Amino acid sequence: MKKDIRSYGYTELQKELEHLGEKAFRARQVYEWLHVKLSDSFAEMTNLSLKLREKLDGEYEIFPVSPVERQISRLDGTNKFLFRLWDGNMVESVLMRYKHGNSVCISSQAGCRMGCAFCASTIGGLKRNLTASEMLGQIYQIQKITGERVSNVVVMGTGEPLDNYENFVQFIRLLTDEHGLHISQRNVTVSTCGIVPNMLRLAEEGFQITLALSLHGSTQEKRRKLMPVANKYDLEEVLAACDTYFEKTGRRVTFEYSLVHGVNDREEDARELAAILRPRNCHLNLIPVNPVKERDFVRPSRENALNFKNKLEKSGINVTIRREMGSDIDGACGQLRRRYAEEEKIVDEI
C-alpha cells in the first residue's frame, strides 16, 4: 500500500520531499494543497511539475473520505453525513451551526469496542481505527460540500478516540497546525469513556483541548452497569485522571451524563453526582438519551430532565442540558451508519 501523505505533519512532509530530491519549499506547496486547498488528488496540484506529481502519485496516496449520504434537519439545519472510506467502511459526521461558528462532530473509529449499553455506535463492535487523515478528511469534505469554514471540532462521534491514541494525537497536531486549517486547540473537544492511562498521556502532550468524560453513572456500581470500561478502571481512578488533566493543562473538564429514564435520573443519582462534582472545577452536560431500536432505554421527559438539572444547580453544580439538534434525522451516533449497513444487507440478500 502507498504511504498516507495526508497523515504527515509539516516537518515530516519536508523530510519526505527531501528524500525525493525536492527542495524544501515544495513541501510547503504540497502541504497547502492537502490541508488548505483540501485537494483530493495530485493532479489538482497545478503549481507542481508534472514529473513531481507523477512521482508523488507513485509513492503516496490521498486516501478518500467519500460522501455517501447527507441528511439536513428541517428543524435547525443540522447536517449529518455518511462517508465511505477506501476499504468500504462507513463513518458518520455531524455539522451543527451556532452563532459562534460551525461545529463538526467527527468519528475516530469505524465501529467501537467499548460496549456502552445505550449507544448505537458499539453495536457490531470495532471494525478498525481511523487514520489521522481519515479524521481530517471528514472535516475537509464537510467544508468542501458546504463551502463554509469549520471553527470548532468535537471528537465525539463513533469510536473511542483514546483507544486510537497515536492517530488521534497526530490528528490534533495536523488540525491545529499553523500551515493548515489552524483551528485553535481551545476549540477542540475530545470525549472519552475513561481510558485512564491515555488520559494521563494526553495531559502531558501540551495541548489546550477540552477533555470530556462520559460519566453516565454516579457510582462505580451504576457506571459498571452501563459502561463495560468501568470493569477495568474504577471511578476513583477516572476522576483522579480528570483532576490531573485539569492540573496539567488548566482546562476545565466537561462531564457528559446521558440521562436514561428510571436508570440514572433519580433523586439519589443527583445527590451522588453533586457529591462527585462539587469539589471540582468542571461543567456537567446532561444528555437525554437518544432512543435506539436495539436498546430498551427510554429518554426522560423534558420536565424530569429539568427537575434533575435544578437539583444539581441547587447543589452548586455548573450544569446544562445539551441542546437537541437534528432530532428529525438519524441523530444518535451510529444510527445512520447502522441503517445504511442494514439496507445494504437486505439488497445483498435479495
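Tutor: One definition to start. Axes are lines fitted to C-alpha atoms, for helices over the stretch in contact, and angles between N-to-C directions run from 0 to 180 degrees. Also, this is a predicted model.

Student: OK. How do the axes of α5 and helix α6 sit, in distance and angle?
Tutor: They come within 12 Å and cross at roughly 25°. Angles under 35 degrees count as roughly parallel, so α5 is roughly parallel to α6.

Student: Which residues of α5 and α6 make the contact?
Tutor: Y165, E166 and F168 of α5 meet N198, R201 and L202 of α6. By class, that contact has three nonpolar residues, one polar and two charged.

Student: And the handedness of the α5 and α6 crossing, left or right?
Tutor: Right-handed.

Student: Switching to α9 and α10. What's the crossing angle?
Tutor: Roughly 35°, with the axes of α9 (residues 267-277) and α10 (residues 302-314) coming within 9 Å. α9 passes α10 in a right-handed crossing. On the α9 side, E267, D269, A270, L273 and A274 make the contact; α10 supplies F308, K311 and L312. Those residues divide into five nonpolar, no polar and three charged.

Student: New topic: α2. Which of its residues are buried?
Tutor: A27, Q29, V30, Y31, W33, L34 and H35.

Student: What do the buried residues of α2 pack against?
Tutor: Four helices are listed: α1 (10-19), α3 (50-59), α4 (132-146) and α5 (165-175).

Student: Why does the end-to-end span of α2 agree with expectation?
Tutor: At 1.5 Å a residue, its 12 residues should span 16 Å, and the end C-alpha atoms are 17 Å apart, so the two agree.

Key. Residues are numbered from 1 along each chain as its sequence is written. This is a predicted model: local features need pLDDT of at least 70, side-chain atom pairs count only at pLDDT 80 or more; totals for chains, interfaces and linings use all residues. Side-chain values use heavy atoms; hydrogens and water are left out. Helices (H or I, at least four residues) and strands (E, at least two) are DSSP runs, numbered from the N terminus. A crossing is left-handed if the near helix is turned anticlockwise from the far one by less than a right angle, and right-handed if clockwise. Contact means heavy atoms within 4.5 Å. Ala, Val, Leu, Ile, Met, Phe, Trp, Tyr, Cys and Pro count as nonpolar, Asp, Glu, Lys and Arg as charged, and the others, Gly among them, as polar. The expected span of a helix is 1.5 Å times one less than its number of residues. Buried means under 20% relative accessible area, exposed over 50%, partly exposed in between (1.4 Å probe, protein chains only). Angles under 35 degrees count as roughly parallel, over 145 as roughly antiparallel, 65 to 115 as roughly perpendicular and the rest as oblique.
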